Amino acid sequence: MWRVDSVASAGSEQVHGDSQARKAQMMLKARICPQIQSPKSPVAVRPNRAVFQQRPPSATKLWYSLSKTLAEKAAWEFAKEKGLDVVVVNPGTVMGPILPPTLNASMLMLLRLLQGCTETYENVFMGSIHVKDVALAHVMVYENTSATGRHMCVEAISHYGDFAAMAEELYPEYNIPRLPKDTQPGLLRSKNASTKLMDLGLQFIPLEQMIKESVESLKSKGFIS
């Protein structure tokens, strides 16, 4: 038996274990995307356990959302067939220090807000999470045998209007628009959305710190002045 785990924001592929584990990795990749060429996804193969990353849907990238949904579905089916123990981490809007040379969708959203964009993302789930907490969540579910199933990974569930208001309070020098309080109709706010990870001991970095580190990273990388 073997373990497969995916680490968020890693930049290269690593494979550990015997030839059977390597073969399993290739089989899983072929089954998830037999006809679609996509960027490499970092996967480490180890005995007995599987951890995959999937992000919640984004209304502006439906094909991306579909690919993630189908990938997780294929992973669950493959795990059932091969007797793998699968654990899934589902992060929301991932922010924090920028590692790659280009911005991901989450950080681009913040950049556009700082530049005065009035888009409210009405149909998009809003749950911010620091990239360090995403990585830590993967480690925790990987190492804790009591972790099972899917794990929502967000500091809280909130409206985009809440996020914009805090950004405006922290950085009044930018042209951040004042948005309606409830930008996601019907979305219930929650500070305890990620109870499964909280029960494992994960203490989430607060939204204020996420915004500060993200903005300072945007500055240091030259995206804003």
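## Terms and model

Helix axes are lines fitted to C-alpha atoms over the stretch in contact, and angles run from 0 to 180 degrees between N-to-C directions. Helices (H or I, at least four residues) and strands (E, at least two) are DSSP runs, numbered from the N terminus.

This is a predicted model: local features need pLDDT of at least 70, side-chain atom pairs count only at pLDDT 80 or more, and totals for chains, interfaces and linings use all residues. Residues are numbered from 1 along each chain as its sequence is written, and side-chain values use heavy atoms, with hydrogens and water left out.

## The chain overall

The chain has seven helices and seven strands. From the N terminus on, their order is β-α-β-β-α-β-β-α-β-α-β-α-α-α.

The chain holds 225 residues, and 45% of them are buried. Buried means under 20% relative accessible area, exposed over 50%, and partly exposed in between (1.4 Å probe, protein chains only).

## Two packed helices

Helix H5 covers residues 160–170, and helix H7 covers residues 207–220. The two pack at an angle of about 60°, and their axes are 10 Å apart. H5 and H7 are therefore oblique to each other. Angles under 35 degrees count as roughly parallel, over 145 as roughly antiparallel, 65 to 115 as roughly perpendicular, and the rest as oblique.

H5 passes H7 in a right-handed crossing. A crossing is right-handed if the near helix is turned clockwise from the far one by less than a right angle, and left-handed if anticlockwise.

## Salt bridges

Side chains of opposite charge can pair when their charged atoms come close. A salt bridge here is a side-chain nitrogen of Lys or Arg within 4 Å of a carboxyl oxygen of Asp or Glu. A search of the whole structure finds eight.

One of them joins Arg150 and Glu72, with the closest N and O atoms 2.7 Å apart. This pair links distant parts of the chain: Arg150 is in strand S7 (residues 149–153), Glu72 is in helix H2, and 78 residues separate them. Arg150 is partly exposed, at 47% relative accessibility. Glu72 is buried, at 8%.

Another salt bridge joins Glu168 and Arg178, where the closest N and O atoms are 3.9 Å apart. Glu168 sits in helix H5, and Arg178 sits ten residues away in the loop between H5 and helix H6 (195–199). Arg178 is exposed, with 74% relative accessibility.

Helix H7 has a pair of its own. Lys212 and Glu208 both lie in H7, four residues apart, about one turn of the helix. Their closest N and O atoms are 3.1 Å apart. Lys212 is partly exposed at 37%, and Glu208 is partly exposed at 36%. Elsewhere, salt bridges that share partners join Asp162, Asp182 and Arg189 into one network.

## A nonpolar surface patch

Trp63, Leu66 and Leu70 form a nonpolar patch on the surface. Together they have about 360 Å² of accessible area. Areas come from the Shrake-Rupley method with a 1.4 Å probe, and for residues only the protein chains shown count as cover. Patches are made of residues with over 30% relative accessible area and no salt bridge; like charges are joined within 9 Å, and nonpolar side chains (Val, Leu, Ile, Met, Phe, Trp, Tyr) within 5 Å.

Trp63 lies in helix H2 (residues 62–82). It is exposed, with 71% relative accessibility.

## A positive phi

Tyr121 has a phi near 50°, a positive value in a residue other than glycine. Tyr121 lies in the loop between helix H3 (105–114) and strand S6 (128–130). It is buried, with a relative accessible area of 12%.
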